Amino acid sequence: MKEALNVLGEPLEPCSMSPLTGYLRDGCCRSLADDPGQHTVCVELSDAFLAFSRSRGNDLSTPRPEFGFPGLRAGQRWCLCALRWVEALQAGVAPPLYLAATDEQLLNLVSLETLVAHALDWPQSRE
């Protein structure tokens with residue numbers, strides 16, 4: 001299997017082990033052929049995004065113990081579906097992301113310049 005790369009062309013770093021995220025629940029936001037949602041964007045969740053996601057029918061805040069899902073809160077890292085992040089971007093509520101832990105496949109949808117402007121791990125994006 002080919003090594004997963006991030007949007008910077010470097011080896012993909014883990015996003016979160018607690019809560020455990022990623023399509024495979026291995027902590028990584030990698031692009032996988034069998035992941036229809038393409039959970040490739042490592043973000044830091046915000047209250048605005050969580051409310052937006054709930055309004056779109058995907059409640060990430062409510063625990064679902066029957067699925068082993070703890071429920072999420074602002075400040076936690078999570079692998080988001082690429083199209084949901086783009087939708088949130090267009091709505092003005094995209095949560096900030098981590099370039100080093102976001103799969104390079106996101107570049108098929110969004111420019112690196114846009115990603116850098118929303119990045120927490122890019123020094124110039126905080127100016």
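This is a predicted model: local features need pLDDT of at least 70, side-chain atom pairs count only at pLDDT 80 or more; totals for chains, interfaces and linings use all residues.
Biologist: Which residues lie nearest the centre of the largest pocket, and how many line it?

Modeller: General idea to begin with: rolling a probe the size of a water molecule over the atoms shows where empty space is left. Here a pocket is an open set of points on a 1 Å grid over the protein atoms alone, where a 1.4 Å probe fits, with protein on both sides within 12 Å along at least five of seven lines; lining residues have an atom within 4 Å of a point. In this case 19 residues line the largest pocket, and Arg-25, Asn-58, Leu-60, Phe-69 and Trp-78 lie nearest its centre. Residues are numbered from 1 along each chain as its sequence is written, and side-chain values use heavy atoms, with hydrogens and water left out.

Biologist: Which element supplies the largest share of that lining?

Modeller: Helices (H or I, at least four residues) and strands (E, at least two) are DSSP runs, numbered from the N terminus. Strand S2 gives the largest share of the lining, four residues. Helix H1 (47–55) and strand S2 (77–81) each supply at least two.

Biologist: OK, cysteines. How many disulfides does a search of the whole structure find?

Modeller: A disulfide is a pair of cysteine sulfur atoms within 2.5 Å. The search turns up two. One joins Cys-15 to Cys-42, S to S 2.1 Å. That pair links distant parts of the chain, 27 residues apart, with Cys-15 in the segment before strand S1 (39–44) and Cys-42 in strand S1. The other is between Cys-29 and Cys-79, with sulfur atoms 1.9 Å apart. Those two sit 50 residues apart, Cys-29 in the segment before S1 and Cys-79 in strand S2.

Biologist: Right-handed or left-handed, for Cys-15 and Cys-42?

Modeller: The S-S torsion there is about 80 degrees, so that disulfide is right-handed. For Cys-29 and Cys-79 the torsion is about -90 degrees, so theirs is left-handed.
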